[in-house]
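Here's a quick tour for anyone new to reading protein structures.

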Amino acid sequence: MRKKCRNSRREVLRNFPAFWALIPLLTVLLLALALRPGGLLLPACAAQTKPVPAGDVPASLPPLTLRTPSDFVEIDKKNGTLFAENADQLGERATLLRLFLPENQAHFYNEGKRHALTRQLAVYTIKNPEGTPFDKESASLLGRVLEEGFLSFDKVSPPTLRDSLALEDTLLQAARNGRNVLLDSRITENLHLFQYQLAYSLMPGHDSTIADDRMVTSLTTIMLLVRGHIVFICASSINTQAPLYDDAAWTRDAAQKYMETLLADNKKN
């Protein structure tokens with residue numbers, strides 16, 4: 001049975017397109033509620049294009065500088081299907097800007113070994129229905145919608161976060177029980193950071209341990225306002241063996257480092 005379950009895990013990674021894109025997709029669906037006519041940011045009457053008074057030029061978004069982080073390789077449209085699969089999962093509300101794989105995994109992708117990929121870093125943005133830059137108020141409202149997506153998650157206490165052994169035990173128990181966990185969050189006027197773990201069964205109805213049929217993924221999602229753009233940075237790591245803590249730490253480190261680079265490269269002159 002164990003061999004069969006391990007094969008199931010491998011087949012999911014091999015055959016399910018853009019596996020990691022499910023989380024950005026969930027985020028975009030939540031945010032779409034705020035952007036739809038009658039939602040938080042867009043009143044019903046705003047669904048129609050607003051006329052622009054003569055002589056007025058709508059504000060435009062400045063381009064963003066998006067560098068490839070050290071120890072990563074950029075995957076774009078020229079590198080096979082992974083970029084397109086991630087982009088397609090996002091739908092019309094969002095645009096995938098950059099997709100990166102760690103250098104130590106990029107060669108697996110180049111060799112066609114999709115099942116060997118476990119980590120990636122994605123950067124995407126959402127579109128303002130009015131076609132204008134987002135402001136701080138809009139970013140704050142969107143952040144609140146994003147927060148609602150984590151209300152049902154189990155929470156980790158601060159003492160547990162400071163104890164790696166206790167945290168590992170908490171993550172393992174949540175994975176075995178199929179529970180989603182919010183490890184940490186940081187919310188400011190311009191930034192929303194969520195570090196979390198998802199767990200789900202590859203064989204619904206089959207009572208087994210995490211080693212058998214649980215797919216466990218650690219993620220850190222950062223939403224921030226940069227020069228009128230709402231930017232999402234999403235680092236994800238699929239766990240193939242314990243410890244789970246390492247995956248969680250990797251996603252937070254990767255997302256935060258990219259955020260720091262992004263902010264530094266896009267300071268207003």
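Which residues of α7 are buried? Keep in mind that this is a predicted model. In α7, the buried ones are L167, E168, L171, L172, A174 and A175.

**Helix α7**

- Helix α7 covers residues 164-176, which makes 13 residues.
- From its first C-alpha to its last, α7 reaches 18 Å, close to the 18 Å expected at 1.5 Å a residue.
- Look down the axis of α7 and you'll find its buried residues within an arc of 165°, so they line one face of the helix.
- Just after α7 comes G178, with a positive phi of about 70°.

**The nonpolar cores**

- In soluble globular proteins, nonpolar side chains tend to be buried together.
- Here, the largest nonpolar core has 30 residues, and Y196 and I230 are the ones with the most contacts inside it.
- Two or more residues of this core come from each of these elements: α3 (82-90), β2 (94-102), α4 (103-110), β3 (119-126), α5 (136-148), β6 (191-201), β7 (214-226) and β8 (229-239).
- β2 gives the largest share of this core, with four residues.
- Not counting residues up to four places away in sequence, I230 touches Y124, T125, I126, F134, A139, L142, M223, L224 and L225.
- Another core lies apart from this one; it has 21 residues, including F72, V226, I233 and Y258.

- T251 sits in helix α9, and it counts as buried because its relative accessibility is 0%, with the cut-off for buried being under 20%.
- Once you leave aside neighbours within four places in sequence, T251 is in contact with S218, L219, T220, A235, S236 and S237.
- A264 is in helix α9 (residues 244-265) as well.
- Is A264 buried or partly exposed? A264 has 46% relative accessibility, so it counts as partly exposed.

Conventions
Residues are numbered from 1 along each chain as its sequence is written. This is a predicted model: local features need pLDDT of at least 70, side-chain atom pairs count only at pLDDT 80 or more; totals for chains, interfaces and linings use all residues. Side-chain values use heavy atoms; hydrogens and water are left out. A nonpolar core is a set of buried Ala, Val, Leu, Ile, Met, Phe, Trp, Tyr and Cys residues joined through side-chain atoms within 4.5 Å. Buried means under 20% relative accessible area, exposed over 50%, partly exposed in between (1.4 Å probe, protein chains only). Contact means heavy atoms within 4.5 Å. The expected span of a helix is 1.5 Å times one less than its number of residues. The arc is that of the directions from the helix axis to the C-beta atoms.
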